[in-house]
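Please read them with the structure open.

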Amino acid sequence: MTPDSQAVWRWLGRVPFAEAAREQERLRGELLRGAAPEILLLCEHDPVVTLGRSAQPGHVLATPAELARRGVTLVAASRGGDVTYHGPGQLVGYPIVRLRGGVIGHVTAMARAVTSVLAELGIDARWRRDAPGVWIGDSKICAFGVHIHRRVAIHGFALNVAASLGRAGDGFDLIVPCGLRGARTTSIGAELGAGRTAPPLHVLASRVAGALGRELGVNFVPEIASPAVNGISAVEMSGRITRMIQAS
């Protein structure tokens, strides 16, 4: 798809899920009011289990005590879908954009972007509509979930990058991933094998931003915020940058 509008993308570093969710809602409101451009937020999260709108309580396998012992929070999310896990070593993307078509088209466009980046790394992955996500064989490497309001999307995808993801004790053992019992997970690091390492998240973020722009029809221009300045979080810093741009 040829990009038909210009927007920005920001690398936020590591931020709590709940903070990023609030920022998405704020930015969507500004986009709807015409006060801000479309934007792509890219980040990683502290360990968290998120419950989508279709989440089944039984798909969280750990007790509250076990979650607390392992430093994992439990958060309800406005996205669709079931239960998933986010944590360090995972690239999470939130395109806050207007829909150019339907919801399925939006999700599959994100999936095409992810699979194209994986292909550049020599990893053959496929979108599966019957079990929404990007898969390598019978192992899932990228999950998706969105929320649409007035034809503007938030939430997005979570791509497993670090080699530790997809192994025992990686956080996915706490849940039934996306409600698919018996499903396995994998990561870029695990698929690259010995002698090769996954790109750093901020480097991979740049590649993904370019691929998402091509597939979503949005020209994402980098606007990278520092992860923390004088104790100010990356999300708050990005908000301040947006307000400065609007005031200029």
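The points below cover basis, cores, a helix, rings and charges.

1. Basis. This is a predicted model, in which local features need pLDDT of at least 70 and side-chain atom pairs count only at pLDDT 80 or more, while totals for chains, interfaces and linings use all residues. Residues are numbered from 1 along each chain as its sequence is written, and side-chain values use heavy atoms, with hydrogens and water left out.

2. Nonpolar cores. In soluble globular proteins, nonpolar side chains tend to be buried together. A core here is a set of buried Ala, Val, Leu, Ile, Met, Phe, Trp, Tyr and Cys residues joined through side-chain atoms within 4.5 Å. Buried means under 20% relative accessible area, exposed over 50%, and partly exposed in between (1.4 Å probe, protein chains only). The largest core holds 39 residues, and Leu91, Phe157, Leu159 and Ile188 have the most contacts inside it. Another core, of 19 residues, lies apart from it and includes Val8, Leu27, Ile96 and Val152.

3. Ile188 and Ser187. Contact means heavy atoms within 4.5 Å. Neighbours within four places in sequence aside, Ile188 touches residues including Leu118, Leu121, Ile123, Leu204 and Ala198. Ser187 lies in the loop between E11 and helix H4 (188–192). Its relative accessibility is 0%, so Ser187 counts as buried. With the same exclusion, the contacts of Ser187 include Ile141, Asn160, Val161 and Leu165.

4. Helix H1. Helices (H or I, at least four residues) and strands (E, at least two) are DSSP runs, numbered from the N terminus. Just after H1, Gly34 takes a positive phi of about 75°.

5. Aromatic pairs. Rings of Phe, Tyr and Trp (its six-membered ring) pair if their centres lie within 6.5 Å; planes under 30 degrees apart count as stacked, over 60 as edge-to-face and the rest as tilted. By this rule there are two pairs. Tyr85 and Phe172 have ring centres 5.4 Å apart and planes at 70°, so they are edge-to-face. Tyr85 is in strand E5 (residues 83–86), and Phe172 is 87 residues away, in the loop between E10 and E11. Both are buried. Trp127 and Phe144 have centres 5.7 Å apart and planes at 80°, so this pair is edge-to-face too. Trp127 is partly exposed because its relative accessibility is 27%; Phe144, at 13%, counts as buried.

6. Salt bridges. The criterion is a side-chain nitrogen of Lys or Arg within 4 Å of a carboxyl oxygen of Asp or Glu. The whole structure has 14. In the bridge of Arg184 with Asp138, the closest N and O atoms are 2.6 Å apart. Those two positions are 46 residues apart. Finally, bridges with shared partners join Glu66, Arg69, Arg70 and Asp173 into one network.
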